[in-house]
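Visitor: I have a model open and want to learn to read its features. Please take me through them one at a time.

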Amino acid sequence: MEIYYVEDDRDIAEGVKTYLEVRDFQVTILESVFDAKQALMKRQPAMLIIDWNLPDESGDALCGWIRRRFGENLPVLFLTVKGETEDIVNGFQNGADDYVIKPFALEVLYSRILAILRRTGGAESKELYCDDIRLDKEKMAVYREDEEVALSQSEYQLLLYLMEHKGKTVTREKLLAEVWDTNGNYVNDNTLTVTVKRLREKLGNPACIRTVRSFGYRMEDTL
C-alpha cells in the first residue's frame, strides 16, 4: 500500500519512510501542500500522513481541501508537534482520521496506521475523481457536478479505464484491447472514436479528457 507523507523535515520523513517500507508500505515524501495536491491529482494513495507546519500552507488546510475534493474515502493522519487541545479538535473537525503528536514512537505510529486501514478497509477508493466528474465503482454510476449522467456500458468502461489511469496517456490500441476485446467484442478503430465523442458530449465536453494526437487519450485535472 502506498502512503503519501507530507513533511518538510527530511530527517523525520526519511526515518518514517525507512521504518514503514520495511513493513511493506510504499512511502512517497512530499515537502509542501502544493506538492501534495499535485500528487493527489495524479494518483490517490491508501492514506496520507500530514504535518501541520508546512512551508506554503498548513496541513490543516490541506486536510480540508482533501475532504472537499475527495470526500471521506481518503484516510488522513496528522503527525505534528501541535498538541494543544484546540489544535487536535480543529484537526478532527477538518476531517482527520487520527492525530499523533511529536515526539512519537514509530511502533505507535505503525499501530495507528494499521488501525485506520482496518477501519477504512485498507482498500482503494470506490470513487474516482477528475475535475467535476465523479465515478462510483460500487454503484457503477457517473456524476458531473453531482448530477448523474447516463452512459452506455462501453462509455462507462472507457471512462473507468481512463480515470483509473489518470495522468497517463493511454493508446488507442490499449483502449480497444481493454474495453472491447476483453469482452470478446472485436471492433474497429472507428468505434473508439465514436464512443469517445459520445462520452464527451454526455459529460458536457469536459477539458479533462484530452486527445493526444497520433497516440490516444489522457484524463487529467484542469481545475
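Visitor: Is M140 buried or exposed?

Guide: Buried means under 20% relative accessible area, exposed over 50%, and partly exposed in between, with a 1.4 Å probe and protein chains only. M140 has a relative accessible area of 54%, so M140 is exposed. M140 sits in the loop between β7 and β8 (141-144). Helices (H or I, at least four residues) and strands (E, at least two) are DSSP runs, numbered from the N terminus.

Visitor: What should I know about the source of these values?

Guide: This is a predicted model: local features need pLDDT of at least 70, side-chain atom pairs count only at pLDDT 80 or more, and totals for chains, interfaces and linings use all residues. Residues are numbered from 1 along each chain as its sequence is written, and side-chain values use heavy atoms, with hydrogens and water left out.

Visitor: What is phi of M140 near?

Guide: Start with the general idea. Most residues other than glycine have a negative phi, and most peptide bonds are trans. Phi of M140 is near 55°, a positive value in a residue other than glycine. D131 also has a positive phi, near 50°. D131 belongs to the loop between β6 (127-130) and β7 (133-136). With a relative accessible area of 11%, D131 is buried.

Visitor: Which residues does a cis peptide bond join?

Guide: K102 and P103, with omega about -5°. Look for P103 in the loop between β5 (98-101) and α5 (106-120).

Visitor: Which backbone nitrogen does the side chain of D221 reach?

Guide: That of D131, at 2.7 Å. D221 itself is in the segment after β12 (216-219). Its relative accessibility is 17%, so D221 counts as buried.

Visitor: Which side chain forms a polar contact with that of D221?

Guide: First the rule. A polar contact is a pair of N or O atoms within 3.5 Å; within protein, one must be able to donate a hydrogen and the other to accept it, and residues adjacent in sequence count only if both atoms are side-chain atoms. The side chains of D221 and R69 are joined by such a contact, at 2.6 Å. Now widen the view. Contact means heavy atoms within 4.5 Å. Not counting residues up to four places away in sequence, D221 touches M41, R69, C130, D131 and K166.

Visitor: M41 is in that list. Which residues of helix α2 are buried?

Guide: The general idea concerns helix geometry. An α-helix has 3.6 residues a turn, so residues three or four places apart point the same way. In α2 (residues 33-42), the buried residues are V33, A36, A39, L40 and M41. They pack against β1 (2-6), β2 (26-30), β3 and α3.

Visitor: How do α7 and α8 pack?

Guide: Two packed helices are described by the angle between their axes and the distance between the axes. Axes are lines fitted to C-alpha atoms, for helices over the stretch in contact, and angles run from 0 to 180 degrees between N-to-C directions. Helix α7 (residues 172-180) meets helix α8 (residues 189-202) at about 85°, with the axes 10 Å apart. That makes α7 roughly perpendicular to α8, a label for angles of 65 to 115 degrees.

Visitor: Which residues meet there?

Guide: From α7, R172, L175, L176 and W180; from α8, D189, T191, L192, T193 and T195. T195 is buried, at 8% relative accessible area. Leaving aside neighbours within four places in sequence, T195 contacts S154, E155, L158 and W180.

Visitor: How many aromatic pairs does the structure hold?

Guide: Seven. Rings of Phe, Tyr and Trp (its six-membered ring) pair if their centres lie within 6.5 Å; planes under 30 degrees apart count as stacked, over 60 as edge-to-face and the rest as tilted. W52 and F78 form a tilted pair, 5.3 Å centre to centre with 35° between the planes. W52 lies in the loop between β3 (47-50) and α3 (59-70) and F78 in strand β4 (residues 76-80), so the pair ties together parts that are 26 residues apart in sequence. Both W52 and F78 are buried. Another pair, W65 and F70, is edge-to-face: 5.7 Å centre to centre, 80° between the planes. W65 and F70 are both buried.

Visitor: Which residues form one aromatic cluster?

Guide: W52, F78, F92 and Y99.

Notes:
Parallel < 35°, antiparallel > 145°, perpendicular 65-115°, else oblique.
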